[in-house]
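Biologist: I have a model open and some packing questions. Can you go through them with me?
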Amino acid sequence: MNKFIKLSLLTAATVVGSNSMASAGDVEVLHWWTSGGEAAALKVLKEDLKTKGIGWKDMPVAGGGGENAKTVLSARVTAGNPPTAVQMLGFDILDWAEQGELANLNAVAAKEGWDKVVPEALQKFAKHDGKWISAPVNVHSTNWVWANKKVLDNLGIAQPKTWDEFVAAMKKVKASGLVALAHGGQPWQEATMFDGVAMSAGGSDFYKSAFIDLDTKALTSAAMKETFERMAVLRSYVDDNFSGRDWNLASAMVINGKAAFQIMGDWAKGEFLNAGKVPGKDFLCFRVPGSAGTVLFNSDQFAMFNVGASAAKDQAELASSIMSPAFQSAFNVVKGSVPARTDVPNTDFDDCGKKGMAQLAAANKSGMLFGSMAHGHANRASVKNAMYDVITAHFNGEYDAATAVDELADAVSIAK
Ligand code: BGC
């Protein structure tokens, strides 16, 4: 058992044992926003709620991507003591809804007209059986690269536009003695890179067929082999100490000029901002070369658990606060994500945020918006986890690309 899971089970046991309950007027919120940038964004939410007289009972479970949080949540629900509200992603929301655990937010959704302002792609995960079951707080995207501008300038490297230019840039950085690619060796981080690399290697039809439709032909295609080959190239540009490193520490390597690039979702921007860095001046944000025009999204949503009638009023208030246009702007400016509503002005967003908003709208219109495999928006957890295992084993040298393709197809056929 790895140390993260052990730790979260321990946490779960403690929480279940203490039978902690939020008192009336408080909402207990389970989330994994524990990095500096994430905590800064969370503060925006907590303070917004304070002005509405809603108390916050914090239930943080560290671990990027939320795997540990999921373990703790299951333990809480099994013990009959679910939190009031839970940060959740994609298919996990639908799974809990199917189990009948989630509260119905239709009254507040109808009153505030959520149907008209939340994009269809998000509603797919926020509604179940005609009922709103969660409030989407943002839209993140995984196919981004974050770069230290000074490092690139010093080495005479222009922003890479193609995969080959990206590899040439990493080669130059490595030759200079700096780390080319900052990476944390955890399965979810490898899968996050895989999202953008797959899109770059195979294009949007391939991405959709392989990761959303689970089509065997796409899963065993030359594009999949190329994706694994590109991952092996990336592996050759990470430093020796990557194993187990948290994602925000990898971001810090880029922020501090120890590394040139990080391939990570736009929550990484929250770390740059939290360190006082300015897009365009200190750092660059651009799509994984070869994937421009597409957006691989994940949306943090707050699902409300059925914890009784007395909590329902606070849950509706929390959902309403999360969905307010002013809050969606203030929160996402700090978080690195973009609003989950289509009617929020981009005025307060920095250049990366403005770019993210425009690209999301364009991709939504042109059919180039796809759910992130790595963050549970392409398929159910069983399939996602099966993919994680193969991607990580390959990244760590257990399989060559051809074997990884076979293993992936096998793992998916068992899991689906
Ligand atoms: C979430 C982000 C979070 C990131 C790293 C993602 O799954 O959507 O909100 O910042 O994980 O923890």
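Biologist: Which residue in β11 is the bridge partner of Trp 144?
Modeller: Arg 287 is the bridge partner of Trp 144. This is a predicted model, where local features need pLDDT of at least 70, side-chain atom pairs count only at pLDDT 80 or more, and totals for chains, interfaces and linings use all residues. Residues are numbered from 1 along each chain as its sequence is written, and side-chain values use heavy atoms, with hydrogens and water left out.
Biologist: In what sense do β8 and β11 pair?
Modeller: Antiparallel, over five bridges, with β8 covering residues 144-148. Strands pair if DSSP finds at least two bridges between them. Strands (E, at least two residues) and helices (H or I, at least four) are DSSP runs, numbered from the N terminus.
Biologist: What is the strand order in the open sheet?
Modeller: The order is β9-β10-β8-β11, with mixed pairing. β9 (179-181) and β11 (283-287) are the edge strands with a single partner each, so one side of each has no neighbour in the sheet.
Biologist: Which helix packs on the sheet?
Modeller: Helix α9 (residues 163-176) does, touching β8, β9 and β10 (259-263). Contact means heavy atoms within 4.5 Å.
Biologist: New topic. What does Met 224 touch?
Modeller: Its contacts include Phe 194, Phe 206, Phe 211 and Leu 408, not counting residues up to four places away in sequence.
Biologist: How many residues are in the largest nonpolar core?
Modeller: There are 76, and Met 224 is one of those touching the most other members. Such a core is a set of buried Ala, Val, Leu, Ile, Met, Phe, Trp, Tyr and Cys residues joined through side-chain atoms within 4.5 Å; buried means under 20% relative accessible area (1.4 Å probe, protein chains only).

Technical notes
Buried means under 20% relative accessible area, exposed over 50%, partly exposed in between (1.4 Å probe, protein chains only). Axes are lines fitted to C-alpha atoms, for helices over the stretch in contact, and angles run from 0 to 180 degrees between N-to-C directions.
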